[in-house]
Structure formats: structure tokens, C-alpha cells
Amino acid sequence: MIEQEYKGTLYSEFGKSTDPPLIMIHGLGLNKDIWQWQIPALKDKYRVISYDLYGHGQSATPTDAPSLSMFSRQLSNLMTFCNIDHATLIGFSLGGMIARRFAQDEPERTEKLIILHSPHHRSPQAQAAILERVEQARKYGSKATVEAALKRWFTSDFIITNPKIIDLVRDWVIANKTDVYYKIYGVLAEGVDEIVKPDPAISCPTLVVTGDQDFGNGPEMSYAIGAEISGSKVHILKGLRHMALAENPRAVNDLIIDFLEI
């Protein structure tokens with residue numbers, strides 16, 4: 001594993017530089033270490049790059065107002081620095097939104113997309129609820145929303161039997177800076193409009209995955225995303241919530257590997 005920094009972006013690289021590139025984009029409030037359950041299954045066949053989004057982990061605080069376009073530019077600059085002309089993108093939650101934004105901005109550089117637990121248009125009630133959480137985060141920081149988030153992200157049984165993982169994820173979230181976190185939370189809440197009904201249309205091979213118990217990014221959203229991408233595949237994981245990639249890595253990894261090998 002190689003860890004480097006480029007113009008405020010901290011990233012890690014695994015595997016051989018000659019293997020097909022695979023770039024992993026984490027979700028809101030997390031960091032590149034969220035992929036620790038996927039990278040071991042991928043690094044022997046792919047050049048895997050994971051990185052901290054601006055305002056997360058050890059990457060720099062964004063100097064521009066956070067937006068999907070800003071995060072798309074961060075990804076583009078990182079790819080250029082790493083001499084990657086095109087890559088498969090795996091995006092989780094907010095990361096899936098960034099991957100779709102990038103696929104519209106730079107379709108020629110997007111080989112395949114894997115979109116995990118990512119939103120489409122919300123109901124009015126769901127939109128009001130997420131905007132309320134953004135306001136809580138603005139006033140009180142990520143500590144105000146993290147406990148409810150953990151209950152949405154993991155099944156009850158997993159929370160009880162895996163306290164170390166729950167503590168790890170909690171620590172990642174509460175490490176975020178209050179004056180930055182809520183602004184990026186706003187991108188998750190309100191950035192969907194610029195990636196639904198994509199124009200230009202996304203045409204690369206795409207896999208869309210969520211859990212049947214992912215209350216914020218459920219099956220109806222994944223089917224809606226898939227319906228807007230010609231030839232995409234949608235898979236619904238049974239008995240899993242938002243953080244399936246940590247709760248049942250094998251189920252997620254098997255889907256990823258099968259799709260990559262098509």
C-alpha cells in the first residue's frame with residue numbers, strides 16, 4: 001500500500017500500477033478507510049485507489065463552496081496526477097452521487113460505475129427529514145446526528161454484536177469539523193437534482209446496489225437510478241441496511257467482482 005497526498009487530497013494505492021484502475025469514493029462523514037472490507041478482495045487484480053474527499057479524513061478543507069461539481073473536479077485532478085486516463089468508479093452514498101456527476105462531466109474517462117446505497121429523488125417527507133438533520137449538524141455538529149445515523153446504517157443485531165465496528169464508524173463521523181460537515185451534508189441533501197435524468201445520459205456499464213432495509217436510499221431509489229442508465233443492473237441485498245459494505249462485505253464484494261469480470 002502506498003499513501004500519498006496531492007494538492008490537499010490524501011489517497012492510498014493498492015495493487016499493481018499496470019492493472020485496471022479502480023477508484024473508490026466514500027460517503028458523507030466517512031473517509032477512505034471505509035473500503036477496508038473491500039480492498040483485500042480487489043487489490044490482486046486491480047489498481048485500487050481510495051481517497052479522502054475534501055473536508056473529510058486527512059484531505060484539505062474545501063476552499064470552494066462544496067458541490068458535486070467540486071468533488072468531481074477533485075476526482076479528475078487525482079486521476080490526472082496518477083496518470084489514469086479512465087477508470088471504474090465505485091461510489092458509496094454521497095460517493096455514488098459524485099461518481100454519477102463525474103460520469104456526466106467526463107464520460108470518456110468513466111469505464112464502469114458501481115453505485116452503492118446512493119439517493120435519487122426523495123419524497124417530500126424524506127427530504128424534510130434530511131434537511132432537518134443538516135440543520136442539526138449546522139448547529140451542533142456531527143455528534144447531533146451520528147447515533148440516529150448508526151441505527152439507520154446497521155441492523156440492530158449487528159450493532160449489538162459488533163461494538164468495535166460501530167465505535168470505529170462513530171469516531172470517523174464525529175471527527176468531522178462542524179463548520180464544514182453541515183455544508184457537505186447539504187450536498188447530499190440537495191445535490192440530487194443535478195444528477196437525476198442525466199444529461200448527457202450515462203451510457204457506461206453500471207451496477208446499482210442497495211439494501212432492502214436501507215431506509216434513506218432504498219430499492220425504489222436504486223431502481224430509479226438504474227432506469228435512467230441504459231443497460232444498468234440493479235441488485236437489492238436482503239436483510240441489510242445502508243452500511244452493507246461493512247456489515248456483510250462478502251455479499252457486496254461478490255457483486256462487485258462478478259460485475260467487474262463481465
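1. In this predicted model, eight strands make up an open sheet of mixed pairing, ordered β1-β2-β4-β3-β5-β6-β7-β8. From one strand to the next, the twist averages 20°.

2. Leu207 has Lys233 of β8 as its bridge partner.

3. Helix α11 (residues 249–260) packs on the sheet, where it touches β3 (21–25), β5 (87–92), β6 (110–116), β7 and β8. The direction of α11 makes about 160° with that of β6.

4. Helix α2 (residues 68–81) and helix α3 (residues 94–105) have axes that come within 9 Å and cross at roughly 75°. The two helices are therefore roughly perpendicular to each other. On the α2 side, the contact is made by Leu68, Ser69, Phe71, Ser72, Leu75, Ser76 and Met79; α3 contributes Leu94, Met97, Ile98, Arg101, Phe102 and Asp105. Of the residues in this contact, eight are nonpolar, three polar and two charged.

5. Gln104 also belongs to helix α3. Is Gln104 buried or exposed? Its relative accessibility is 6%, and Gln104 therefore counts as buried. Apart from neighbours within four places in sequence, Gln104 is in contact with Glu194, Ile195, Pro198, Asp199, Pro200 and Ile202. A polar atom of the Gln104 side chain lies 3.4 Å from the backbone nitrogen of Asp199.

Key
Residues numbered from 1 in each chain as written. Predicted model: local features only at pLDDT ≥ 70, side-chain atom pairs only at ≥ 80, totals over all residues. Heavy atoms only, no water. Axes fitted to C-alpha atoms, helices over the stretch in contact; angles between N-to-C directions. Helix = DSSP H or I, 4+ residues; strand = E, 2+ residues; numbered from the N terminus. Parallel < 35°, antiparallel > 145°, perpendicular 65-115°, else oblique. Contact = heavy atoms within 4.5 Å. Nonpolar A, V, L, I, M, F, W, Y, C, P; charged D, E, K, R; others polar. Buried < 20%, exposed > 50% of the residue type's maximum accessible area, 1.4 Å probe, protein only. Polar contact = N/O pair within 3.5 Å; in protein donor to acceptor, adjacent residues only side chain to side chain. Pairing = 2+ DSSP bridges.
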